[in-house]
Amino acid sequence: MRLPDPPEIEALLRRFGAGSVEALARLLSLVENHPASRREIVSRVLPIDGQPIVVGVTGPAGVGKSTLVSRLLVHFKKELAPLAALGFDPSSKLSGGALLGDRVRMSEHELDGDVFIRSMASRGHGGGTGRRVHEALALLSAFGFKLVIVETVGAGQGETEIMQNADVIAVVVAPGLGDEVQAMKAGLLEIGDVVVVNKADLPGADLERAVLLDSLSLGGPGGRASVEVCSTIATDGTGVPGLSERLLEIHRNLERDGSLAKRRQERARAHFEGILRERWTELLDDRLADSAPDALRLDTGDNPYDAADRFIEKMLRSTGDHGRAGQD
Ligand SMILES: Nc1nc2c(ncn2[C@@H]2O[C@H](COP(=O)(O)OP(=O)(O)OP(=O)(O)O)[C@@H](O)[C@H]2O)c(=O)[nH]1
Ligand SMILES: [Mg+2]
């Protein structure tokens, strides 16, 4: 991507402030692909007053998440326009495939000025969303969307990441998932406010629902007794009005009892932590580039653990010296 110079970011932010969707799209691309602009852009839109409702939709591959999101957008739009959907493509290097599928299914909204749809790569970052979800959400919030749906594939590890990114979470499953997916599902169920059995038109849907209700009523995985189970047929919209109302109701309840503020605090903390880890890795990479060849001394019987300890100590010491020198 071509390097933008600061005046270009200025101009984009001005157009963004005036409500240009094109400027929003370009800023999202910069935030995603151009680390050098990221800080400037995100810092300029924070802090944000008037947060959108952030709905997370997650679940195993192919259960009908995108189809459901598309339907949910239609319902949410009645009260909460303008609104946006963010999809995360787990196959980071491919920008066509899965996204194109989403685009086609979501095309009914494409020409609709009230709905903004965007896919981003998750870049193999643990969990389904990619670190950039925070930055993307900051931009979408500042733009003034009233509701944002974030769709992620439950990746089996780090599923809780979406919890830090969404106010309210729907975990989508479907009948007839394989054993491997069943195992992943257990982890996913822990994070849902609502569990949606989609593809309720297929055989096995009733059984799936019964098994879910049973396991959830036993305290369920993670002991979330309050998880609800809904059935939908995303392809024809059955059950979707009820689900959309329920999600908004849960959101209102979370707001009332203070849990929403806590979830948003967690989200902000996760963003901070992501930045910190990234900065730390950069710092480490710099130091390794400088001194890695001397860090491990095999000739003197050194072992890699001791060498790593020494390296860290040295690095912290010199960072401290550097910091103090900077203040003098
Ligand atoms: N029979 C039936 N098929 C459905 C239903 N919902 C979605 N599908 C189909 O399931 C397939 C996958 O749908 P998607 O919406 O792409 O599923 P997804 O979970 O977003 O998939 P990934 O993003 O690739 O994980 C498509 O062929 C849909 O038409 C449903 O309620 N019933
Ligand atoms: Mg999808």
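1. A salt bridge is a side-chain nitrogen of Lys or Arg within 4 Å of a carboxyl oxygen of Asp or Glu. Glu-273 and Arg-269 form such a pair, at 2.9 Å from N to O. The two residues are about one turn of the helix apart, because four residues separate them in helix α12; helices (H or I, at least four residues) and strands (E, at least two) are DSSP runs, numbered from the N terminus.

2. The model is predicted: local features need pLDDT of at least 70, side-chain atom pairs count only at pLDDT 80 or more, and totals for chains, interfaces and linings use all residues. Residues are numbered from 1 along each chain as its sequence is written, chains are lettered from A and ligands numbered from 1 in the order written, and side-chain values use heavy atoms, without hydrogens and water.

3. The structure holds 13 salt bridges. In one of them, Arg-118 meets Glu-32 at 3.9 Å, N to O. This pair links distant parts of the chain, with Arg-118 in strand β3 (residues 115-121) and Glu-32 in helix α2, 86 residues apart. Arg-118 is buried at 14% relative accessible area, and Glu-32 is buried at 9%; buried means under 20%, exposed over 50% and partly exposed in between (1.4 Å probe, protein chains only).

4. The magnesium ion (ligand 2) has Ser-66 (OG) and Glu-151 (OE) as protein donors, 2.1 to 2.2 Å away. Donors are N, O and S atoms within 2.8 Å of the metal (3.2 Å for Na, K and Ca); water is not among the atoms, so sites may look incomplete. Both Ser-66 and Glu-151 are buried.
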